Amino acid sequence: MADDGVLDEGTETAALREVLAAEHAAVWGYGSVGAALPPDARAPAVAGDLAHRDVRDRLVALLDSRGADPVPRGAGYTLPFPVLSAVDAAALAVVLEEGVSAAWVRLLDQATEPSVRELAVEELGAAEVRAVGWRTAAGRTPVTSALPGLS
């Protein structure tokens, strides 16, 4: 937020860059999720990976259209824990989805343009839907979050 507490295109753009960074991490992390799953159980990981790649590309295009430099993806990311089983993979996917959810909530708070707010709400909902499936696979309860991105 600007020093004076007023939202503007600069604060919105900074929040878009934060979401892009989270999406880069999610794309990278889904590689580890898929690798830890048996081949016949990889469909949700592939779908999650593709969804994050799609939104990542949309964010890059949006930042480019504003003349803002997109955040580059990292060469690698540190996993929060070893991913040695399908349950670990599901737990990692939950972490990834909750991470992007938090970034989408921040963007929602900082957005000034209605189209950006709509994008944030759409993607926050999509991340929570994916997280519900992964929480279920990880054996976590509750499987839903009343306020995704805020927990």
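Is Leu59 buried or exposed? Well, Leu59 counts as buried, because its relative accessibility is 1%; buried means under 20% relative accessible area, exposed over 50%, partly exposed in between, with a 1.4 Å probe and protein chains only.

Quick caveats, everyone. This is a predicted model, where local features need pLDDT of at least 70, side-chain atom pairs count only at pLDDT 80 or more, and totals for chains, interfaces and linings use all residues. Residues are numbered from 1 along each chain as its sequence is written, and side-chain values use heavy atoms, leaving out hydrogens and water.

Okay, back to Leu59. You'll find Leu59 in helix α2 (helices are DSSP runs of H or I, at least four residues, numbered from the N terminus). Leaving aside residues up to four places away in sequence, Leu59 touches Leu16, Val19, Leu20, Glu23, Trp104 and Leu119, where contact means heavy atoms within 4.5 Å. Now look at Pro39: Leu59 and Pro39 sit 20 residues apart in sequence and 30 Å apart in space, C-alpha to C-alpha.

So what about the core? The largest nonpolar core has 37 residues, and Tyr30, Val33, Leu59, Trp104, Leu107 and Trp134 touch the most other members. A nonpolar core, by the way, is a set of buried Ala, Val, Leu, Ile, Met, Phe, Trp, Tyr and Cys residues joined through side-chain atoms within 4.5 Å. Helices α1 (9–35), α2 (43–65), α3 (86–110) and α4 (114–138) each supply at least two residues of this core. The largest share, 12 residues, comes from α3.

Finally, Trp104. With residues up to four places away in sequence not counted, Trp104 touches Val19, Glu23, Val55, Leu59, Leu119, Ala120, Glu123 and Leu124.
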